[in-house]
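Reader: I would like to learn how to read a structure such as this one, feature by feature. Could you give me the general idea each time and then the case at hand?

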Amino acid sequence: VEEGVVLHEHGLAELHVHIEGTFEPELIFALAERNRIELPYRDLDDLRGRYEFGDLTSFLDLYYANMDVLRTAQDFADLARAYFARAAQAGITRAEFFFDPQAHTARGVELREVVDGLADAAAGARREYGIDAAMIASIVRDRPVAEANDTFTDLMKMQAPIIALGLDSAEVGYPPSLFEDVFARARAEGLRITAHAGEEGPPEYVRQALDLLGAERIDHGIRSLEDPELVARLVDEQIPLTACPLSNVRLRVVDTLADHPLRRMLEAGLSVSVNSDDPAYFGGYVDDTFSALREQLGLTDEERQVLADNSMRAAFL
Ligand code: ADE
Ligand code: ZN
C-alpha cells in the first residue's frame with residue numbers, strides 16, 4: 001500500500017506530542033556540534049542502540065539527557081521546525097504540542113529562549129504548511145511543586161503564547177493532587193487544562209486530574225479501562241483521551257500493538273484520538289502509527305476517520 005499524505009475530511013489534530021520527544025538523533029548530533037558540546041555517545045548508532053526502554057522512567061532518563069544540547073532560541077526553533085515538516089507529511093492540520101519549561105530552566109537555559117524559539121517555529125508552521133500550531137506548557141511533576149508555581153509565574157509575566165497547561169513526566173508517586181494550586185491559577189488565567197494520567201498511574205489519578213485540576217482532556221488515560229465506573233463517566237462526559245499506541249508498546253504499557261485496547265476504547269464510546277507522544281523515540285509519527293494500527297490491529301478506514309474526527313473535536317479551538 002502506498003503511503004503518503006492521507007487527507008482526513010475534516011482535518012487531523014495531533015494533541016499529544018512532546019516537542020522534545022521529536023528530537024531526532026541526527027539533529028541531536030548537529031546541535032551538539034553547533035554548540036560545541038561533547039555527547040556521551042560514540043556515534044549515531046551508539047545513540048540509536050539506547051532506544052530500548054523498560055518503562056516510562058528509563059525512557060525519560062534518555063529524553064532529558066538529550067535535551068542538554070538545546071541551548072538557544074535557534075535550537076528550539078530548529079527542533080520544532082523539523083517536527084512541523086514531518087507533521088505536514090503526516091497530514092496534520094492542527095498541532096497542540098507540549099514543551100517542558102522546567103527541563104530547560106533547571107539546567108540554566110532562560111525560559112525566554114525556549115518560548116521564543118518555539119513560538120517562532122509555530123508561526124512559521126502556519127505560513128509554510130498551513131498547520132495551525134499551538135503551545136502547551138507542561139508541568140514536570142517529579143520536580144518540586146514550588147518550582148511548578150514559579151515557572152507558571154514566569155510564563156505569565158512574559159505573556160508566553162500558550163493555550164493550555166499540562167502535566168507530564170514520571171507519574172507514579174506524583175499524583176495530580178500535588179498540583180491543585182498551579183492548575184487553579186491556570187484556569188483563572190483562562191488557560192485550557194490537560195494532564196497525563198493513567199499511563200503508568202492508577203485510575204485514581206485520572207479522577208484527580210478531572211476533579212482537582214479541572215482537566216478537560218486526559219493524556220493516555222489507558223489505565224482507566226481497569227475501572228468500569230470511571231469509563232462510564234469518561235463516556236458520559238465525553239472526556240477526550242489522547243492515546244499514543246506506539247508509546248504504549250515501547251514503554252511496555254501494553255505487550256504489542258495487537259494487544260492495544262484502542263478498538264475496545266472506540267467500541268466503549270470513549271472519545272479517543274491517536275497521537276505520537278515522543279515520535280523520535282518510539283518509532284513513528286502519527287501516519288506511521290495509523291499504518292501500524294491498520295496492519296497489526298486491523299484498523300479500518302472508517303475507524304481511522306472516527307479517530308481523526310475525535311482529534312479535531314478534542315482540540316482546544
Ligand atoms: N514526557 C515525555 N513523554 C512522556 C510520557 N509518555 N509520559 C509522561 N511524560 C512524558
Ligand atoms: Zn506524553
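Author: Let us begin with burial, for which a residue is called buried if 20 or more other C-beta atoms lie within 10 Å of its own, and exposed if 12 or fewer do. Please keep in mind throughout that this is a predicted model.

Reader: Where is histidine 16 found, and which residues does it touch, not counting residues up to four places away in sequence?

Author: Histidine 16 is found in strand E1, and beyond its neighbours in sequence it touches Asp219, Thr242, Cys244, Asn275 and Asp277. Histidine 18 also has its place in strand E1, and it counts as buried because it has 28 C-beta neighbours inside 10 Å. Leaving aside neighbours within four places in sequence, histidine 18 is in contact with Phe98, Asp277 and Asp278.

Reader: Which residues does UniProt list for "binding site"?

Author: The unreviewed UniProt entry lists His16, His18, His196 and Asp277 under that heading. These residues span 262 residues in sequence, yet no two of their C-alpha atoms are more than 11.7 Å apart, so they gather at one spot.

Reader: Which residues are around ligand 1, and how do they divide into nonpolar, polar and charged?

Author: The shell consists of His18, Gly21, Leu56, Tyr63, Asp168, Ser169, His196, Glu199, Ser247, Asp277 and Asp278. By type, it divides into two nonpolar, five polar and four charged residues.

Reader: What does UniProt list for Glu199, and is glutamate 199 buried or exposed?

Author: Glu199 is listed in the unreviewed UniProt entry as "active site". Glutamate 199 lies in the loop between E5 and helix H9 (203-212), and it counts as buried because 23 C-beta neighbours lie inside 10 Å. Residues up to four places away in sequence not being counted, glutamate 199 touches Leu56, Glu171, His220, Ile222 and Val253.

Reader: How should I read the pairing of strands, and what is the order of the strands in the open sheet?

Author: In general, strands of a sheet pair through backbone hydrogen bonds, either parallel or antiparallel. Here an open sheet of eight strands runs in the order E1-E2-E3-E4-E5-E6-E7-E8, with parallel pairing. Strand E1 (13-18) and E8 stand at the edges with a single partner strand each, so one side of each is left without a neighbour in the sheet. Neighbouring strands of this sheet are turned by 25° against each other on average, direction ignored.

Reader: How many bridges join strand E7 and E8?

Author: Strand E7 (residues 240-243) and E8 pair in the parallel sense over four bridges, and the partner of proline 240 in E8 is serine 271. Strand E4 (residues 162-168) and strand E5 (residues 192-197) are likewise parallel, over two bridges, with leucine 165 having isoleucine 193 of E5 as its bridge partner.

Reader: Which way do the residues of strand E8 point?

Author: The general idea is that in a regular strand the side chains alternate between the two faces of the sheet. In strand E8 (residues 271-274), Ser271 and Ser273 point one way and Val272 and Val274 the other way, and all are buried.

Reader: Which helix packs on the sheet by touching strand E2 and strand E3?

Author: That is helix H6 (residues 111-129), which touches strand E2 (94-99) and strand E3 (132-140) and whose direction makes about 155° with that of E3. Glycine 117 lies in helix H6 and counts as buried, because it has 23 C-beta neighbours inside 10 Å. Leaving aside neighbours within four places in sequence, glycine 117 is in contact with Ala73, Gln74, Asp75, Phe76 and Ala77.

Reader: Which residues have a positive phi although they are not glycine?

Author: As a general rule, most residues other than glycine have a negative phi. Among the cases here is serine 169, with a positive phi of about 80°, which is found in the loop between E4 and helix H8 (180-188) and counts as buried with 21 C-beta neighbours inside 10 Å. Glutamine 159 has a phi near 50° and is found in the loop between helix H7 (145-157) and E4; glutamine 159 is exposed, with 8 other C-beta atoms within 10 Å.

Definitions and conventions:
Residues are numbered from 1 along each chain as its sequence is written. Chains are lettered from A and ligands numbered from 1 in the order in which they are written. This is a predicted model: local features need pLDDT of at least 70, side-chain atom pairs count only at pLDDT 80 or more; totals for chains, interfaces and linings use all residues. A residue is near a molecule or strand if its C-beta atom, placed from the backbone, lies within 6 Å of it. Ala, Val, Leu, Ile, Met, Phe, Trp, Tyr, Cys and Pro count as nonpolar, Asp, Glu, Lys and Arg as charged, and the others, Gly among them, as polar. Two strands pair if DSSP finds at least two bridges between them. Axes are lines fitted to C-alpha atoms, for helices over the stretch in contact, and angles run from 0 to 180 degrees between N-to-C directions. Two residues are in contact if their C-beta atoms, placed from the backbone, lie within 7 Å. UniProt positions are given in the numbering used here, feature names are shortened, and annotations may be inferred rather than shown by experiment.
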